[in-house]
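Thanks for coming. Please have the sequence and the 3D view open.

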Amino acid sequence: MTTSTPGDRHDPADTVTSAPGTSTGADHAPGRPTGDLVGRVRATFVGGPTLLLHYAGLAFLTDPTFDAAPAEYPGAVTLHKLVGPAATPADLGPVDAVLLSHDQHADNLDVSGRALLADVPLVLSTPDAAARVPGVRGLAPWEETRVGDRVRVTAVPAVHGPPGAEALSGQVTGFVLRAAGEPTVYVSGDNAQVDVVAQVAERFPDVAVAVLFVGGANVGRFGAEPLTLDAGRAVAATALLAGARVVPVHHTDWAHFVDPLDAFVEAARAADLEDRLVVLERGVPTTV
């Protein structure tokens, strides 16, 4: 397992080639890095499901959640936010695209995150989200679009609970990012089904970085069935994504997570997969 610490900002492996007079390494703010990150991914964990990815010269933000904590979100199920974000939108710098797994739950798109969408040139999500949220482009499973000149983004399936959960949980999507000369990146979104990960791994066997939404989220809607990957399922997903570095997110910050991050780490250790995990320190830009 790789764990980012403040010292990682000065690791020589994180040093990148820069034009004369620009800074190098990861010791700058989370905003857009200077220098050349070809063939690498820079990640900054904001908290919850929110991760800033610098990829192929572009900045991608997953499920934006920037509300302060504690906070409560009433609805069919009341959600309780326990921990606030490690950065503000202003800290992150310009964002080229938001990868929004779904819009219907506050732990994936809160009030501040929803306000941020208006300032982002492109927001990709589900067709249902596109019907509800102005400016969102909806992608059906396996549909592909381009972001900028180089990056291809493919929407991939996700199931937010047991099979058939869509009737209660609604549509959810994951994403795969590809660009020539860059590692293939998989962002699972709020997916609880290992067979869905198997479909992605079969279609994209070259996934090099996998951002898995873990924590075994459960609000009691489906009994013992989780809404996201619990520790055992996350380990099974890691095994399926052979060779990929696995970045776990969405494992803390909210009261409805059953499996803490440590449970996944321990289960991965027992399965001899711990060396594949990259556990990010909140707010620290890290090359993965």
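A definition to begin with: two strands are said to pair if DSSP finds at least two bridges between them. The model shown here is a predicted one.

With that in hand, take the end of the sheet that has β14 and β15. Strand β14, residues 207-213, pairs with β15 in the parallel sense, over five bridges. In that pairing, F213 stands opposite V249 in β15.

Now the sheet that these strands belong to. It is an open sheet of six strands, in the order β10-β11-β12-β13-β14-β15, and its pairing is mixed. Which strands stand at the edges? They are β10, residues 144-147, and β15, residues 245-249. Each has a single partner strand, so one side of each is left without a neighbour in the sheet. From one strand to the next, the twist averages 20°.

Is T62 buried or exposed? Its relative accessibility is 1%, and buried means under 20%, so T62 counts as buried.

What does T62 touch, leaving aside residues up to four places away in sequence? The contacts are P49, T50, L51, L99 and V187. V187 is 125 residues from T62 along the chain, yet their C-alpha atoms are separated by 8.3 Å.

Two of these neighbours also make polar contacts with the T62 side chain. A polar atom of that side chain lies 2.6 Å from the backbone oxygen of P49. The side chain of T62 also reaches the backbone nitrogen of L51, at 2.9 Å.

How values were computed. Residues are numbered from 1 along each chain as its sequence is written. This is a predicted model: local features need pLDDT of at least 70, side-chain atom pairs count only at pLDDT 80 or more; totals for chains, interfaces and linings use all residues. Side-chain values use heavy atoms; hydrogens and water are left out. Buried means under 20% relative accessible area, exposed over 50%, partly exposed in between (1.4 Å probe, protein chains only). Contact means heavy atoms within 4.5 Å. A polar contact is a pair of N or O atoms within 3.5 Å; within protein, one must be able to donate a hydrogen and the other to accept it, and residues adjacent in sequence count only if both atoms are side-chain atoms. Helices (H or I, at least four residues) and strands (E, at least two) are DSSP runs, numbered from the N terminus. Axes are lines fitted to C-alpha atoms, for helices over the stretch in contact, and angles run from 0 to 180 degrees between N-to-C directions.
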